[in-house]
Amino acid sequence: ATAELLAADKAAADKAAADRAAADKAAAEKASAEKARGPVPPPPPPPLPPLLRDPLRSLDVALITPISLLRDSPKRQLHVQLALVYGESGGIEGVAVSPMALRIRQDLQGAAVAPGAAIVGGNVRGAVSSVGYAQVGGNLEGVLVGAGAAVQRGPIARGVVVSAGGALANDVTGVLAGAGFATAKSLRGVGLSAGATIIRGPSEGVVIAGGATWSTRHRGLAISSGVNVARELDGFGLAPINVHGHVKGLQLGIVNVAEEVDGAAIGVVSLSKNGRLQPMFWGGYNGSAHLALKSVAGWAFTQIGGGVDLDASAFTYDGGIGLHLRLGQTFFLEPGVHYSASQKTADTTGSPDTHRMHYVALLGMRLGNKLDLLAGGGVSQRLVGDTGAAIEPDVRAGIAFF
């Protein structure tokens, strides 16, 4: 009997352990399936109640809703609402005007104007304007203007969103403009601001800012008086500082930074992983010796530096820009245009007395990954000063490091 009881207890324990293992396995499989499906989206919001529609009761005149001709105007679809202080309606198919504030709970087809604040809870086909705050809770097809702030919260905005303060929207096709800042989830069109133009996703078209532009991927033109930033640029970036990931196009600025350049970067300093920033020493046939800083990024190079003309007891400063053309793994060709200004070392207080343009092409040879040898020539054209010939030969050779 004791043996039978022990056997029964063991069988019960084994069954309980098997049940627990099966439950754990089922829970793990359920969790794995839920993880594979991703997060469960939130349930859609409940549908809005239908609005009352009565052509004979579609005009409202209000002091402060509900002190108005139609006390239940927040439940009605109106054609016209005129409010002295505050007007509220369910929807507008026509015009709503107040010198202070308006609220439209659902959709607007027409125009809403209120200097203090104009708020639409649903979609807009038409125009919403306010000197203070203007908001559209749904999609926009038309114009949203808020001198203080203009905010569009729905998925899509087609038209114009403008503010003297801040302009905020989601997926914009059209124009997004804010004197302070302008930001959108994505943009196809024009985005501009005096401060910062920030596109939180991709942008296509033109982005302009007095301070900074930013987007994940920009295709088109990006202009800023401060800095342009994007993970990918397919187009033209113009700013004192350009910072991009992959560039397929042109960076033009004082400082350019990129992960990779499939195009060109032109500036005083251009840094990219597939380019070079090199100190350079070169000499001319006239006995001058020069030091320069040279940037190579994509198919362009720039350099800036200075030198000393030992024979004429003069010093020069110079800069150049040109093409960097690869001729294989070892050789490359750099045709370019250079400018130089020289001044006698005996008088350093005045302005340079000689200005020249130099049109030269240098053949380069890459030795390993640390050294470039360059040699070539062209012609030098005198613009101002000097007593020599207007056109002279220009032969130079040099070495660049890294």
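Which residues lie nearest the centre of the largest pocket?

**View 1. Centre of the largest pocket in a predicted model.** Asn286, Asp309, Thr316, Ser342 and Arg356 lie nearest the centre. They belong to a lining of 29 residues. The space in this pocket comes to about 570 Å³.

**View 2. Strands that line the largest pocket.** At least two lining residues come from each of these strands: E24 (276-284), E25 (288-297), E27 (314-323), E29 (331-344), E30 (354-367) and E32 (391-401). Strand E29 gives the largest share of the lining, with six residues. By residue type, the lining of the largest pocket holds seven nonpolar, 13 polar and nine charged residues.

**View 3. A nonpolar patch on the surface.** The patch is formed by Ile241, Val243, Ile254, Val257, Val268, Leu271, Leu277, Leu293 and Ile304. Together these residues have about 630 Å² of accessible area. One of them, Ile241, is part of strand E19, which covers residues 241-247. Ile241 has a relative accessible area of 38%, so it counts as partly exposed, a class that runs between under 20% for buried and over 50% for exposed.

**View 4. Proline 50 in a loop.** The loop that holds proline 50 runs between helix H1 (2-37) and strand E1 (59-64). Proline 50 is classed as exposed because its relative accessible area is 76%, and the cut-off for exposed is over 50%. Proline 50 and glutamine 77 are 27 residues apart in sequence. In space, the C-alpha atoms of proline 50 and glutamine 77 are 9.3 Å apart.

Key:
Residues numbered from 1 in each chain as written. Predicted model: local features only at pLDDT ≥ 70, side-chain atom pairs only at ≥ 80, totals over all residues. Heavy atoms only, no water. Patch = residues over 30% accessible without salt bridge, like charges linked within 9 Å, V, L, I, M, F, W, Y side chains within 5 Å. Areas by Shrake-Rupley, 256 points an atom, 1.4 Å probe, with all protein chains shown as cover. Salt bridge = Lys/Arg side-chain N within 4 Å of Asp/Glu carboxyl O. Helix = DSSP H or I, 4+ residues; strand = E, 2+ residues; numbered from the N terminus. Buried < 20%, exposed > 50% of the residue type's maximum accessible area, 1.4 Å probe, protein only. 1 Å grid on protein atoms, 1.4 Å probe; cavity = no way out; pocket = protein on both sides within 12 Å on 5 of 7 lines; lining within 4 Å. Points joined across faces, edges and corners; volume = space filled by probe spheres on them. Nonpolar A, V, L, I, M, F, W, Y, C, P; charged D, E, K, R; others polar.
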